[in-house]
Amino acid sequence: MGYFLQQLINGLTLGMIYALIAIGYTMVYGIIGMINFAHGEIFMIGAFISIITFMVLGLLGVGWIPLALVIMLLVTMILTAVYGWALERVAYRPLRHAPRLAALITAIGMSIFLQNYVQLLQGARVKPLQPLISGGFRFLETGDFIVTLSYLQLFIIVLTVVLMFAFTFLITRTALGRAQRACQQDLGMAGLIGINVDRTISLTFVMGATLAAVAGLMFLLNYGVIDFYIGFLAGIKAFTAAVLGGIGSIPGAMLGGLLIGLIEAFWSAYFTVEYKDVAAFSILVLVLIFRPTGLLGKPDVEKV
Amino acid sequence: MAETASVRVTPTRILMRDAGLIALVVFGLSFGLVGFRIEDVSGGLALLTRFDGVFFATVLAFLGRVALTMLHERRALPVALVALPVALAVLLLQLFADALDPARSYPFRSEVVNWSLFAVALALGLRGVWLNWHHGGLLSNREARERNMDEVGAKVQQAARYLGPALLGLAIVLPFLPFADRRVLDIAILVVTYIMLGWGLNIVVGLAGLLDLGYVAFYAVGAYSYALLAQNFDLGFWTCLPLAGILAAFAGILLGFPVLRLRGDYLAIVTLGFGEIIRIILLNWYTFTGGPDGISGIPRPTFFGLELGKRASDGGETFHSFFNLTYAPIDRIIFMFYLILGLALLTNLFTLRIRKLPIGRAWEALREDETACRSLGMNPRNTKLTAFSIGAMFGGFGGSFFATRQGFISPESFTFIESAVILAIVVLGGMGSQIGVVFAAILLIGLPEFFRELQQYRMLAFGMAMVTIMVWRPSGLLAHREPTLRLHPDPDRTGAA
Amino acid sequence: MSAVLRDDAARALLTVEHLTMRFGGLVAINDVSFAARPREITAIIGPNGAGKTTLFNCLTGFYQPTVGRLTLHHPQRGPFLLERMEGYAIPNRAGVARTFQNIRLFPQMSVLENLIIAQHNKLMRASGYTFAGLLGLPGYRKAEQAAIELARYWLDRIHLTERADWNAGNLPYGDQRRLEIARAMCTEPALLCLDEPAAGLNPRESAELNRLLTYIRDQHGIGLLLIEHDMTVVMGISDHIVVLDYGRKISDGTPEFVRNDPAVIRAYLGEEEPDEDADGVSTGA
């Protein structure tokens with residue numbers, strides 16, 4: 001029982017990270033109908049900027065962890081957002097009306113470019129970080145297994161939930177959110193009635209990048225080690241989460257993220273660790289074959 | 001000469017502001033990742049700073065933006081007058097750097113920075129010169145540019161009538177040319193392998209328009225099938241090759257069946273997923289595939305039963321002893337080269353032929369409008385499956401060749417990047433264009449091999465090339481479609497299409 | 001209500017019986033029945049949103065009808081139940097061809113190629129499902145020649161012979177519309193369904209279209225089903241008109257009958273208000 005609960009906690013934590021990345025995928029797909037292949041790399045860049053910020057803070061003598069964390073959070077959100085903005089401007093905006101294949105190739109190209117950009121600038125070796133937050137709550141001391149909810153996990157969960165609420169508020173209650181939903185439904189019409197489509201799309205990318213940056217920071221704290229390749233794998237899993245939840249639906253992305261995190265945790269715990277990635281890919285394939293609209297998505301009726 | 005439309009000149013104030021904003025963005029981008037570098041030192045991490053890189057990037061962005069706007073507005077001369085001397089200066093400094101101070105290069109410490117500065121300045125300068133000469137030459141209009149590039153593509157395709165056989169001729173005599181040493185031949189084999197894979201994927205992506213990001217899976221199936229069949233059943237290369245192809249085609253049908261009704265992007269992701277699943281399975285199914293150790297000792301092909309080694313195995317005879325030639329190790333490489341050349345030609349001939357048959361046309365029509373195809377009685381699923389599995393078959397052939405050439409295979413060779421590279425070759429060359437694939441492969445595979453020092457920048461340049469070419473011409477560099485049937489034979493050309 | 005099925009329904013080419021199409025709560029087509037005969041042009045008209053294109057989509061396999069039976073009585077091959085058939089089998093076996101409201105040609109392929117692709121199934125069989133073709137056997141070559149001849153025949157009918165090698169996307173709009181019709185005819189159908197073929201055509205082109213459609217009806221003896229808003233086309237060439245409004249059939253008969261049917265007038269022009277003066281509205285009862 002204790003083991004199960006522990007996996008539950010681990011899975012939820014992991015799921016939060018995936019959910020944050022998945023929102024970026026789903027938002028971009030919803031608004032311009034494209035899979036932002038390079039989104040995983042944005043997440044990876046967020047992680048790198050976080051660790052660099054930490055080291056700079058160390059050099060500057062900022063030792064107090066909570067302050068460091070806040071600064072890391074803000075800095076990575078801002079700087080990664082710039083990457084998200086630049087990505088859209090350079091690679092996607094020119095191809096907005098191009099055939100799908102061209103946009104996909106560009107996205108893959110940017111993904112390869114960003115991976116190697118970071119690899120060349122920061123070296124190919126993994127970057128470790130000592131644990132910044134240690135300790136936690138212990139429950140259920142059954143037999144020889146103690147279920148722990150570490151402060152770190154709590155921090156991740158709470159931060160993610162807060163961000164989700166803030167985000168949902170942004171989407172449903174503000175003018176920007178309305179503009180975004182309008183663009184999602186009919187891009188052409190939204191432009192005609194005076195919505196600044198370019199700016200709305202840019203902001204969408206920026207928001208997605210910001211959330212991915214937070215996910216990057218959390219990944220860094222949780223796993224303690226990053227390299228330039230984490231974007232690829234996390235990206236695929238987050239994309240699976242977005243599809244599972246229903247592409248284009250933000251609550252779906254959140255739900256999908258949690259599910260994927262749980263599935264990954266339980267699969268590695270109860271089956272084999274080597275094939276855990278296969279589990280994620282297989283879910284993707286199965287969902288797309290049997291229920292392409294996902295759990296919370298709307299069916300796509302083709303107009304003839 | 002094209003009309004010169006009156007072009008609005010941006011006031012300097014706004015030009016500066018725009019450039020300033022771009023420079024600010026570049027500063028933001030480079031500050032974090034370029035400005036600092038995390039180094040592993042014993043016992044932990046250290047932080048290095050590289051602010052000169054940040055400075056360089058920001059300034060270059062500013063100047064670059066100004067230059068581009070000026071070029072765009074036909075104020076080309078000042079740009080050329082500044083850029084060309086800069087390029088010249090950098091070039092001279094680089095060439096005579098040793099004389100000045102062997103320890104470092106000029107004007108910046110990094111070679112890469114210097115050469116990129118040179119390249120950018122040269123490009124801007126040359127463009128400025130050209131624009132200054134041809135006043136009406138600026139084609140900023142996307143449509144006009146597309147039409148222009150289409151003409152280029154058409155001319156290349158016309159030239160392909162002569163260029164193709166010429167290249168083929170060159171390829172055939174390549175091993176006998178004076179400079180063709182082992183290294184050159186190895187590179188040639190690599191390039192031709194990718195050309196063959198590109199032609200194979202061209203059937204799926206270029207003709208049928210199916211986004212396949214998992215092509216490497218079929219390459220792997222072909223390689224492993226050949227290896228396992230040859231080892232466990234003691235079959236020769238020539239028997240295993242078609243078998244491997246059939247198995248790969250079968251894998252294509254199996255993988256394609258559930259997913260081919262998915263739309264564009266989704267199909268791409270699913271095929272990517274399949275590719276990764278197969279790689280992970282190959283990596284972990286130790287008993288069957290040898291896991292990360294792979295399979296080694298894969299037998300080499302024979303020339304009608306004559307082996308190509310120094311000494312024959314029991315009961316066999318070597319090629320050299322049969323023809324009374326002196327043995328040279330390079331001969332085996334030459335044989336391999338001709339082998340892959342033959343396979344590639346087979347793929348090409350097949351494609352050229354099938355385009356003129358109903359199925360080939362059906363693929364192209366499916367690519368254009370699937371709904372219309374359905375309304376004409378075409379079965380989209382079967383049509384797509386055919387393309388997918390035939391493409392897979394050629395991938396399988398390529399994999400078999402790869403296995404026999406290396407003598408050893410492991411899952412490491414079959415990553416997603418391979419699929420991406422092959423896809424890039426197809427798309428960048430111009431989808432559906434056979435000769436485009438050849439050029440793209442030579443450019444993307446051959447060139448970096450010759451400049452080994454640039455190896456670490458290869459993938460970076462790759463990604464950048466993909467983005468740049470797609471933004472510039474989404475249909476691919478040399479894309480141009482000739483109809484497969486003509487009612488009125490073109491009077492300018494001899495021979496039917 | 002006007003007559004549901006004519007008494008000589010036994011001669012019908014297409015019989016639609018109690019067709020209903022529901023999308024969730026929305027009823028797009030409500031219990032519609034009618035028949036179309038060979039050698040006749042049947043027009044489906046009605047205000048926008050009446051369900052006309054939905055009807056077409058049910059007939060041609062794009063939608064699965066909620067209720068109803070759609071029978072195609074092929075003169076040579078016998079009856080086919082369209083609601084049970086796969087989308088692509090309907091043109092292939094039942095011989096029902098269609099054109100689209102927004103022209104769906106293959107724009108990057110030539111005019112000739114568009115017409116050849118329409119004969120795909122025939123050519124596939126002749127090429128031995130590609131194998132005979134790959135080996136260069138003569139059977140395929142002959143079939144290809146025959147296909148080109150059929151294409152040439154239609155090219156002459158629509159006056160595009162000189163431009164046969166042009167890319168279909170480069171043709172002017174009117175020519176594209178006619179090409180789409182010719183392409184549908186190259187599938188050698190028994191029933192040709194046209195979705196707003198006159199949309200966007202000027203009067204001269206409309207007259208040309210009328211000539212083409214009556215030619216098809218008279219020389220090829222097939223049945224034509226057409227959705228149209230352009231009354232010069234509808235009244236000019238239809239033999240039989242079916243009127244839909246809000247998913248229901250409100251009239252069915254000859255053009256003269258339909259033109260004077262009060263139900264139709266009401267649907268198009270609205271009820272006459274009792275306290276309003278007749279603003280040019282026809283003073284029906």
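A residue is called buried if 20 or more other C-beta atoms, placed from the backbone, lie within 10 Å of its own, exposed if 12 or fewer do, and partly exposed in between. This is a predicted model, in which local features need pLDDT of at least 70 and side-chain atom pairs count only at pLDDT 80 or more, while totals for chains, interfaces and linings use all residues. Residues are numbered from 1 along each chain as its sequence is written, and chains are lettered from A and ligands numbered from 1 in the order in which they are written.

**Positive phi in chain C**

- C:Tyr246 is a residue other than glycine with a positive phi, near 50 degrees, and because 15 C-beta neighbours lie inside 10 Å, C:Tyr246 counts as partly exposed.
- C:Tyr246 sits in the loop between β9 (240-245) and β10 (248-253) of chain C, where strands (E, at least two residues) and helices (H or I, at least four) are DSSP runs numbered from the N terminus.
- C:Arg39, also not a glycine, has a positive phi near 60 degrees, and its place is the loop between β2 (26-36) and β3 (41-45) of chain C.
- C:Arg39 is partly exposed because 14 other C-beta atoms lie within 10 Å.

**Where chain B touches chain C**

- In chain B, 26 residues are in contact with 29 residues of chain C, contact meaning that the C-beta atoms of two residues, placed from the backbone, lie within 7 Å.
- On the side of chain B that touches chain C, the elements giving two or more residues are α14 (358-368) and α15 (370-375) of chain B, and α14(B) provides the largest share, seven residues.
- The residues on this side of chain B comprise twelve nonpolar, six polar and eight charged, with Ala, Val, Leu, Ile, Met, Phe, Trp, Tyr, Cys and Pro counted as nonpolar, Asp, Glu, Lys and Arg as charged, and the others, Gly among them, as polar.
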